[in-house]
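Open the structure in your viewer and follow along. Each stop tells you what to select and what is there.

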Amino acid sequence: MRAVDLILKKRHGLELSTEEIRFLIRGFTAGDIPDYQMAAWAMAVCFRGMSDRETADLTMAMAESGEMADLSGIHGIKVDKHSTGGVGDKTTLVIGPLVASAGVPVAKMSGRGLGHTGGTIDKLESIAGFRTELSPDDFIRQVNETGIAVIGQTGNITPADKKLYALRDVTGTVESIPLIASSVMSKKIAAGADAIVLDVKVGSGAFMKTEEDAIRLARAMVDIGTRVGRETVAVISSMDQPLGYAVGNALEVAEAIATLKGEGPEDLTELCLSLGARMVVLGGKASGVAEARRMLEEALSGGAAFAKFRAFVAAQGGDPAVADDPSRLPKAASVAEAAAERGGRVLAIDAEKVGLAAMLLGAGRETKESAIDPGAGIVLRKKVGDAVSPGETVAELHIGAGREGRAAEAVQLLREAFRIGEPGSEGDAAGKPLIVAVVDKNGVTR
């Protein structure tokens, strides 16, 4: 078997066999197949696509290229959650304790962020003392005792995906549904999940800009999960404005704590209940979404979800007093404001520009080597549909140490991000649904 023959086969639009896909992934991971040949194959996939069976085979080949987490020591059905990324997306911080409080074990491996803000791990590390590295035995023991543990991904989870993603990033082959779907699902499967709930973002602040593309990606990932024996559900949610009000690591932790107390933003609360309810159903703790949602609403209003968060933080070495007093979280070096240049109503907020502004202030990484300032970020003071007067504050800038020189640029991005005009004007996002659609093995529900 030769790599060049498999490149030609895919270039001609033919299906690769399971063994041919395994040959490619094994050879590439071992260094026997060079980058230039794998890049040529990825480009052929971009143009020719892959069948559902090929995509599932690629997913499993990448999942099996490194360590496969063994979570059999954890009692119950392990349901993982994955988001395709968004601005202000702190759902894991809420959903983890919320779902765990309903009796579904949450054993999650999360990553760090490269871009707008940190990932879940960066956000948790803004809590003093919080440990994101646990031994496998400690990880399993904590989930069994506390109901939840969240750690950083180990270095040898899906090494093939890491290599292939880095290659795709510099060869113009990122935007391929089969390659995106297999990348996401290989990590979830390697992390040991029994079932998976996906939050597929769509809109200005998401990788998928159109509903059609988001549904295509969701269908592909659900099909992979079904084919490899993992019950999988995808919720397609809007990212036409940031989720919640806070964008930045410590700022998002504080907003997550408020949400767990039942005092969070309406959109964040709704999305967490929608995703969490499906996790509870897949975890076997409720017979349907409506019943599961009622359980989670009671966990929020009755304090069980908040208590679980506090126990979770303490179990991983963090300061549990942060839950009672979020002012103990890191703060930015200085705070400034961005004001509206005109009056009217907020028609839309370009989430991507808000994210970029947060990164300029120190909330995210411009390169892998960049350091994150945990206190930096943005707090929105207005959301879509809100009335605004000329000169009124639309966002608060939390400026990281040494980032004062980038504040003016961040203010300009925020002004560009807020589209203010008369209600009903073209591009008015007010009234658009937060949950666009749900995709499972039976199809699409809107």
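What is the order of the strands in the open sheet of four strands? Select them and read across: S6-S9-S11-S7, with antiparallel pairing. Strands (E, at least two residues) and helices (H or I, at least four residues) are DSSP runs, numbered from the N terminus. Two strands pair if DSSP finds at least two bridges between them.

Before going on, note that this is a predicted model, where local features need pLDDT of at least 70, side-chain atom pairs count only at pLDDT 80 or more, and totals for chains, interfaces and linings use all residues. Residues are numbered from 1 along each chain as its sequence is written, and side-chain values use heavy atoms, with hydrogens and water left out.

**Stop 1**

Colour the two edges, strand S6 (246-247) and strand S7 (334-339). Each has a single partner strand, so one side of each is left without a neighbour in the sheet. Now select residues 377-380, strand S9, and residues 393-399, strand S11. Four bridges join them in the antiparallel sense. Look for Val379: Glu396 in S11 stands opposite.

**Stop 2: the cores**

Select Ile378 and Val354. Within the largest nonpolar core, of 84 residues, these two touch the most other members. A nonpolar core is a set of buried Ala, Val, Leu, Ile, Met, Phe, Trp, Tyr and Cys residues joined through side-chain atoms within 4.5 Å. Buried means under 20% relative accessible area, exposed over 50%, and partly exposed in between (1.4 Å probe, protein chains only).

Helix H12 (residues 266-282) gives the most to this core, with nine residues. Show what surrounds Ile378. Leaving aside neighbours within four places in sequence, its contacts (heavy atoms within 4.5 Å) include Tyr245, Val247, Leu251, Val354, Ala395 and Leu414. A second, separate core has 24 residues, among them Ala181, Ile196, Leu217 and Ala220.

**Stop 3: helix H10 and its surroundings**

Select residues 211-227, helix H10. Its 17 residues reach 24 Å from first C-alpha to last, close to the 24 Å expected at 1.5 Å a residue. The expected span is 1.5 Å times one less than the number of residues. Buried residues of H10 include Ile215, Leu217, Ala220, Met221 and Ile224. Which elements do the buried residues of H10 pack against? Show helix H4 (52-63), helix H9 (177-190) and strands S4 (195-202), S5 (231-238), S13 (435-440) and S14 (443-445).

Seven of its eight residues are buried, so S5 is largely enclosed by the rest of the structure. S4 and S5 run parallel, joined by eight bridges.

**Stop 4: two loop residues**

Go to Ser204, in the loop between S4 and H10. Is Ser204 buried or partly exposed? Its relative accessible area is 23%, so Ser204 is partly exposed. Draw a line to Ala351: the two C-alpha atoms are 6.1 Å apart, though 147 residues separate them in sequence. Not counting residues up to four places away, Ser204 touches Met239, Asp240 and Asp350, among others.

Jump to Thr158, in the loop between strand S3 (148-152) and helix H8 (159-169). Its phi is near 45°, a positive value in a residue other than glycine. Thr158 counts as buried, at 0% relative accessibility. Its contacts beyond four places in sequence include Met62, Ser65, Ser186 and Lys187.

**Stop 5: the three-stranded sheet**

Select the other open sheet on this tour, in the order S10-S8-S12, with antiparallel pairing. Strand S10 (387-388) and strand S12 (418-421) are the edges, and each pairs on one side only. Strand S8 (residues 344-349) pairs with S10 over two bridges. Find Arg345 and its bridge partner in S10, Ala387. Finish on helix H17 (residues 407-417), which packs on the sheet and touches S8 and S12. The direction of H17 makes about 45° with that of S12.

Technical notes:
Axes fitted to C-alpha atoms, helices over the stretch in contact; angles between N-to-C directions.
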